[in-house]
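Colleague: I would like to learn how to read a structure like this one, feature by feature, and I would be glad if you gave me the general idea before each case.

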Amino acid sequence: MPPLEVRCLVNGPFVENTWVAFCPRTREGVVVDPGFEPEGVLSLLRKERVKVLGILATHGHIDHVWGAAALREATGAPFRMHPADGYWLEALERQAAMFGLEPPSALPVVDRPLAEGERIRFGDALLETLHTPGHSPGGVCFHDGAGTLFSGDLLFQGSIGRTDFPGGDFPTIVRSIRGRIFALPGGTVVHSGHGPDTTVGEEKAGNPFVGDGAELLDAPGDLPYG
Ligand SMILES: [Zn+2]
Ligand SMILES: [Zn+2]
């Protein structure tokens, strides 16, 4: 498999990771989670000379999709998200109000829903969509089939996504992580929606909530990330 180039823009009040993934030969790529700073994403795309073929959301929480409409407007690339998180997009203004934030001037509209197993191709690279509910019902991860995973807020270094928002569910997130993510090769690099990178192997061995030694009694309280 050809290498996938990956860049990160850490942005916004929730310190979210927006990812740009692209094929180094054709410079075609995708944005994973447009985040809060569409201007910053656009300048990163210009700097790397990346032509965006898709704007992909791992889920519909405001810190991941606030800038989606602006980025779509500026690039012409379709906005893609799993339909089970549609209610989060519809509630974007309420999500903003809840955190005392301004809603975006244009609300994101999904051009084409994402489906489990769908492969998004750009240049010589691809990302396969894994439907991994738990943090939210329409949560997805993207796997390049060659050692790179974008996990959104499903799995973090040493932590997991919160399950106390509407539609979140602890047994479901455990199933998604153990059944889908931990089935990937241990060396797979995990680019999360917040915080530093990790690997599947490190989290399988040592994650206190879902790792091999975890007791899985109940949903942990007060997880740091939304
Ligand atoms: Zn989230
Ligand atoms: Zn988040």
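Modeller: Let us begin with burial: a residue is called buried if 20 or more other C-beta atoms lie within 10 Å of its own, exposed if 12 or fewer do, and partly exposed in between, with the C-beta atoms placed from the backbone. The other term needed at the start is the element, since helices (H or I, at least four residues) and strands (E, at least two) are DSSP runs, numbered from the N terminus. This is a predicted model, in which local features need pLDDT of at least 70 and side-chain atom pairs count only at pLDDT 80 or more, while totals for chains, interfaces and linings use all residues. Residues are numbered from 1 along each chain as its sequence is written, and chains are lettered from A and ligands numbered from 1 in the order in which they are written.

Colleague: Which exposed residues does the face of α1 turned away from its buried side carry?

Modeller: That face carries Glu 39, Ser 43, Arg 46 and Lys 47. The buried residues of the helix are Pro 38, Val 41 and Leu 45. Seen down the axis of α1, these buried residues fall within an arc of 60°, so they line one face of the helix; the arc is that of the directions from the helix axis to the C-beta atoms.

Colleague: What covers the buried residues of α1?

Modeller: Here we need the idea of contact, which holds for two residues if their C-beta atoms, placed from the backbone, lie within 7 Å. The cover of the buried residues of α1 includes β1, β2, β3, β4 and α3. Helix α1, residues 38-48, lies across β1, β2 (16-22), β3 (28-32) and β4, and runs at about 155° to β1. Helix α3, residues 68-75, packs on the sheet as well, where it touches β3, β4 and β5, and its direction makes about 155° with that of β4. For such angles, axes are lines fitted to C-alpha atoms, for helices over the stretch in contact, and the values run from 0 to 180 degrees between N-to-C directions.

Colleague: In what order do the strands of the sheet that holds β1 stand?

Modeller: Strands are said to pair if DSSP finds at least two bridges between them. On that basis 6 strands form an open sheet in the order β1-β2-β3-β4-β5-β6, with mixed pairing. Strands β1 (5-11) and β6 (112-113) stand at the edges, each with a single partner strand, so one side of each is left without a neighbour in the sheet. Another 6 strands form an open sheet in the order β7-β8-β9-β10-β13-β14, also with mixed pairing.

Colleague: In which sense do β2 and β3 pair, parallel or antiparallel?

Modeller: They pair in the antiparallel sense over 4 bridges, and Trp 19 has Val 32 in β3 as its bridge partner. The two strands form a hairpin with 5 residues between them, and Arg 27 in the turn has a positive phi of about 60°. Arg 27 is partly exposed, because 15 other C-beta atoms lie within 10 Å.

Colleague: How does the chain continue from β3 to β4?

Modeller: Strands β3 and β4 pair in the parallel sense over 5 bridges, with Lys 51 in β4 as the bridge partner of Glu 28. The chain crosses from β3 through α1 to β4, and this β-α-β crossover is right-handed; that word applies if, with the strands pointing away from the viewer, the path from the first strand over the helix to the second runs clockwise.

Colleague: How many of the residues of β3 are buried?

Modeller: In β3, 4 of the 5 residues are buried, so the strand is largely enclosed by the rest of the structure. In soluble globular proteins, nonpolar side chains tend to be buried together. A nonpolar core is a set of buried Ala, Val, Leu, Ile, Met, Phe, Trp, Tyr and Cys residues joined through C-beta atoms within 7 Å. Of the 52 residues in the largest such core, Ala 21, Val 30, Val 31, Val 32, Val 52, Ile 55 and Cys 141 touch the most other members. Not counting residues up to four places away in sequence, Val 30 touches residues including Ala 21, Val 52, Ile 120 and Leu 127.
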